[in-house]
Amino acid sequence: MDFRNNGTEESELYHAQTHLYKHVYNFISSMALKSATELGTADAIHSHGKPMTLSELASALKLHPSKVGVLYRFMRLLTHNGFFTKATVASQNGKEETAYALTPPSKLLIRRGSTCLAPIVKGALHSSSLDMWHSSNKWFTEDKELSLFESTTGESYWDFLNSDFDLLRLFQEAMTADSQMFKLGLKRCKHVFEGLSSLVDVGVFDQPQVVANLTETDNSNLVGGDMFKSIPSADAVFLKWVQHDWNDEHPVKIFKNCKEAISRKGKNGKVIIIDIAIDEASDDRDLTELKLDFDLVMLTINGKEREQKEWEKLIYDAGFSSYKITPVFGFKSLIEVYP
């Protein structure tokens with residue numbers, strides 16, 4: 001290629017290089033976010049009550065003076081990525097100085113906040129979630145129907161999780177954090193639950209030995225069981241981020257058990273699902289990319305995120321007559337399924 005005579009091709013080549021390198025080094029942004037979360041950067045700025053200068057932030061984080069320059073470079077990238085914003089403040093000697101303030105995304109990292117997603121950051125970027133990707137080429141060439149996680153570790157993700165108390169606790173904290181966001185969306189979905197006198201939350205319908213250690217409330221009863229065998233009868237069944245854990249065979253089985261569970265309600269029963277519905281035609285680029293990222297995350301444990309046509313097939317294969325998908329929880333949707 002003669003760049004002297006073809007400036008357009010040269011420009012396209014450099015643009016392609018930038019695109020390639022950006023995706024190669026995207027993990028750096030994730031690791032910088034992980035570091036900021038572990039340091040408690042958002043907590044420090046929040047506790048300060050106003051924008052913090054670099055020296056104030058380094059002092060609050062108890063960093064060695066040699067790390068102030070390092071902190072600046074981390075904050076420069078995280079600010080560029082929208083997690084912090086810069087303000088100008090007057091220093092003690094009267095000169096102007098740059099200070100850092102929180103943005104909506106970094107406010108989600110405040111540990112004592114009403115909605116804290118710090119456990120999601122720690123869980124998603126834990127070594128157990130990342131190390132297996134180094135074995136993806138070996139996995140692709142294997143003649144075995146194993147998930148990437150199982151191919152790499154020799155056990156299923158769920159067995160691994162249940163054998164490591166600290167990791168299990170981190171997973172549970174991450175799921176609790178995600179549920180905080182879900183509660184916000186519920187305020188707009190009260191109509192979905194109107195007329196229901198009973199509801200089974202399959203997310204807490206667990207093995208008897210797990211349920212035995214939980215505490216009931218005035219309006220809830222904890223029942224042990226196996227959702228692949230049967231689900232207790234109710235007016236509605238609730239599935240929050242359950243079906244994406246499995247390939248297509250298991251979700252159909254779960255749906256059939258849901259249909260049996262709501263049969264006493266007749267045509268007024270329903271299944272209420274909170275899950276991802278991939279919609280490349282309607283979603284913007286960033287939202288689509290997030291959903292597709294989640295799909296590959298679930299792929300590593302033999303799960304999947306689904307497009308509308310895939311949801312439709314599962315629903316109809318299980319014997320339901322109709323459904324409705326409503327994007328209402330950020331990147332997740334409300335899916336109502338009717339007998």
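**Entry 1. A salt bridge to begin with**

I looked up K309 and found that it forms a salt bridge with E307, with 3.9 Å between the closest N and O atoms. The cut-off is 4 Å from a side-chain nitrogen of Lys or Arg to a carboxyl oxygen of Asp or Glu, so this pair counts. K309 is exposed, with a relative accessible area of 60%. E307 has 30% and is partly exposed. I note here that the model is a predicted one.

**Entry 2. Other salt bridges**

I searched the whole structure and got 14 salt bridges. I then picked out two more pairs to read in detail.

K138 is bridged to E142, and their closest N and O atoms are 2.5 Å apart. I checked the cover on K138 and found it partly exposed, at 45% relative accessible area.

K313 pairs with D317, where the closest N and O atoms are 2.7 Å apart. How far apart are K313 and D317 in helix α16? They are four residues apart in that helix, which runs over residues 308–317, so about one helical turn separates them. K313 has a relative accessibility of 53% and is classed as exposed. D317, at 40%, is partly exposed. I also found D248, K304, R306 and E310 joined into one network by salt bridges that share partners.

**Entry 3. The whole protein**

I stepped back to the overall figures. The protein has 16 helices and 10 strands. Its C-alpha trace spans about 75 × 60 × 40 Å along the principal axes. There are 339 residues, and 36% of them count as buried.

The accessible surface is about 20,400 Å², and carbon and sulfur atoms hold 52% of that. For charge, I have 38 positive and 46 negative side chains, with the centres of the two sets 6 Å apart.

**Entry 4. Two buried residues**

I looked up C116. It sits in the loop between α6 (104–107) and α7 (118–124). Is C116 buried or exposed? Its relative accessible area is 9%, and the limit for buried is under 20%, so C116 is buried. Leaving out residues up to four places away in sequence, C116 touches L108, L109, I110, R111, A177 and Q180. I also took one distance from C116: H134 is 18 residues away in sequence, and the two C-alpha atoms are 30 Å apart.

Next I looked up I254, which is in helix α14 (residues 249–261). I254 has a relative accessibility of 0% and therefore counts as buried. Which residues is I254 in contact with, apart from neighbours within four places in sequence? I listed M227, F228, I231, L239, V242, Q243 and W246. For I254 I took a distance too: Y14 is 240 residues away along the chain, and 50 Å separates the C-alpha atoms.

**Entry 5. A nonpolar patch on the surface**

I found a nonpolar patch on the surface made of L20, Y21, V24, Y25, F27 and I28. Together these residues have about 600 Å² of accessible area. Which helices each supply at least two residues of the nonpolar patch? They are α1 (7–24) and α2 (26–39). The most comes from α1, which gives three residues.

I checked one member more closely. I28 is in helix α2. Its relative accessible area is 39%, so I28 is partly exposed.

**Entry 6. A negative patch on the surface**

Last, I looked for charge on the surface. D284, D286, E289 and D293 gather there in a patch of negative charge. Is D286 buried or exposed? D286 has a relative accessibility of 60%, and exposed means over 50%, so D286 counts as exposed.

**Entry 7. Recap**

K309, where I started, is exposed.

Technical notes
Residues are numbered from 1 along each chain as its sequence is written. This is a predicted model: local features need pLDDT of at least 70, side-chain atom pairs count only at pLDDT 80 or more; totals for chains, interfaces and linings use all residues. Side-chain values use heavy atoms; hydrogens and water are left out. Patches are made of residues with over 30% relative accessible area and no salt bridge: like charges are joined within 9 Å, nonpolar side chains (Val, Leu, Ile, Met, Phe, Trp, Tyr) within 5 Å. Accessible areas come from the Shrake-Rupley method with a 1.4 Å probe; for residues, only the protein chains shown count as cover. Lys and Arg count as positive and Asp and Glu as negative; His and the chain ends are not counted. The place of a charge is taken as NZ of Lys, CZ of Arg, CG of Asp or CD of Glu. Buried means under 20% relative accessible area, exposed over 50%, partly exposed in between (1.4 Å probe, protein chains only). Contact means heavy atoms within 4.5 Å.
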